[in-house]
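Here are my notes on the model, as numbered points. Please read them with the structure open.

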Amino acid sequence: MATLELKGVEKFFGKTQVIHDMNLSVDDGELVVFVGPSGCGKSTLLRMIAGLETLSQGEIHIDGQRVDYQPPSNRGIAMVFQSYALYPHKDVRGNLGFSLKHDKVEKNEIERRVNIAADILGLQDMMTRKPRELSGGQRQRVAIGRAIVREPKVFLFDEPLSNLDAALRVHMRVEILKLHQRLKNTMIYVTHDQVEAMTLADRIVVFRAGRVEQIGTPLELYRTPANRFVAGFIGSPAMNFLEVDCLNGQILLDQRVVCQSSQNNGKLTLGARPEHLQVDENGAFQGTVQVFEHLGGEAFVHLTLTSGQPMVAKLDGEHLFRPGDSCTLGIAPEKCHLFDADDLRISQ
């Protein structure tokens, strides 16, 4: 296990800067998830940590030692890629042990490490199979096992589940979490899927355009997003954003009071998570149902409010609506989020 520290890391491709003054500390044994939309720089930063991309500026330290000038093989890292990158002509045992054989590790030590990885990942019954004989989830487990046998200081995962179907992604997500709990290694995990980030991370780093928008635990980002971007990115379905008026400390929508504010007057943006809305005839949100999705235990109601603004509510499955129905929703004041003209969070 090891700590990881980035100091003033920057990256240019030609004249285009893709990573801006990145400073980050990862604790020993911590699982940190980099999350953000495509093109935000998260995978580029991971490749810089791995040594697959050079730094334009800054330093990278692993376990207290500067490593940004060292080749990948000397950094004490192991990386799991989006593509499984298995050798098709080698069986599972051969794939697991290949890197160790290449590094001239003794045969008995290779066998010991391979067997440990196989036990951890449940691969013992398929050690003689070739990759073509494995399912997508099994191939990904072999790819993870290939990283485990290296006994790295830091594990790096670059969107490892993106090629799997939805059900298998959920299963493998749980397996990776179990793996971290068992190995207690430092792990950096890159994904664009905020559900993966919320379920896996000790801390989440939210990226946008090569910059960090916020760092925090999943609950910190969910409950107190620093700005509108983070608020909209974390949570599924995404947070509703409504233009509202602030008058003498009261937040008004269609002349109805939604909550109170520390601000006095002006235009603000109100954030309301779909799961925090509830049917309430005295609520502040009045609208007409456009689409109703019933999923059994829960339902999604898509409304157009009287103000003309759209809203989505996540309700329990006992509610039934049809397009064209009127619907009035309410929200507890403490569940409201307010953002100023610069999209920064306002303390209520």
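1. Start with helix 8, residues 228–233. Phe-229 and Phe-233 both sit in this helix. They are four residues apart, about one turn of the helix. Bear in mind that this is a predicted model.

2. How are the rings of Phe-229 and Phe-233 arranged? A pair of aromatic rings is described by the distance of the centres and the angle of the planes. The search of the whole structure gives seven aromatic pairs. For Phe-229 and Phe-233, the ring centres are 5.9 Å apart and the planes meet at 25 degrees, so the pair is stacked. The cut-off behind that label is planes under 30 degrees apart.

3. Next, the cis peptide. The bond from Ser-236 to Pro-237 is cis, with omega near -5 degrees. Pro-237 belongs to the loop between helix 8 and strand 11, the latter covering 240–247. Pro-237 also opens domain 2, which is assigned as 237–346. Domain 1 is assigned as 4–230.

4. How far apart are the centres of domain 1 and domain 2? Taken over C-alpha atoms, the separation is 38 Å. Eight residues of domain 1 and 11 residues of domain 2 take part in the contact.

5. The two domains bury about 820 Å² between them. Carbon and sulfur atoms give 51% of that area. Which residues of domain 1 lose the most area to domain 2? They are Tyr-222, Pro-225 and Arg-228, and together they make up 73% of what the domain 1 side buries.

6. Arg-228 forms a salt bridge with Glu-243. The closest N and O atoms of the two are 3.8 Å apart. The cut-off applied is 4 Å. The rule finds one salt bridge across the interface of domain 1 and domain 2.

7. Polar contacts across the interface come to five residue pairs, both partners at pLDDT 80 or more. On the side of domain 1 that touches domain 2, helix 7 (residues 218–223) supplies the largest share, three residues. By class, that side of domain 1 has four nonpolar, two polar and two charged residues.

8. One backbone point lies elsewhere in the chain. What is the phi of Glu-159? It is near 45 degrees, a positive value in a residue other than glycine. Glu-159 is in the loop between strand 7 (154–158) and helix 5 (166–183).

Technical notes:
Residues numbered from 1 in each chain as written. Predicted model: local features only at pLDDT ≥ 70, side-chain atom pairs only at ≥ 80, totals over all residues. Heavy atoms only, no water. Domains from an automatic or database assignment. Contact = heavy atoms within 4.5 Å. Buried area = accessible area lost by both parts, 1.4 Å probe. Salt bridge = Lys/Arg side-chain N within 4 Å of Asp/Glu carboxyl O. Polar contact = N/O pair within 3.5 Å; in protein donor to acceptor, adjacent residues only side chain to side chain. Helix = DSSP H or I, 4+ residues; strand = E, 2+ residues; numbered from the N terminus. Nonpolar A, V, L, I, M, F, W, Y, C, P; charged D, E, K, R; others polar. Phe/Tyr/Trp six-rings, centres within 6.5 Å; stacked < 30°, edge-to-face > 60°.
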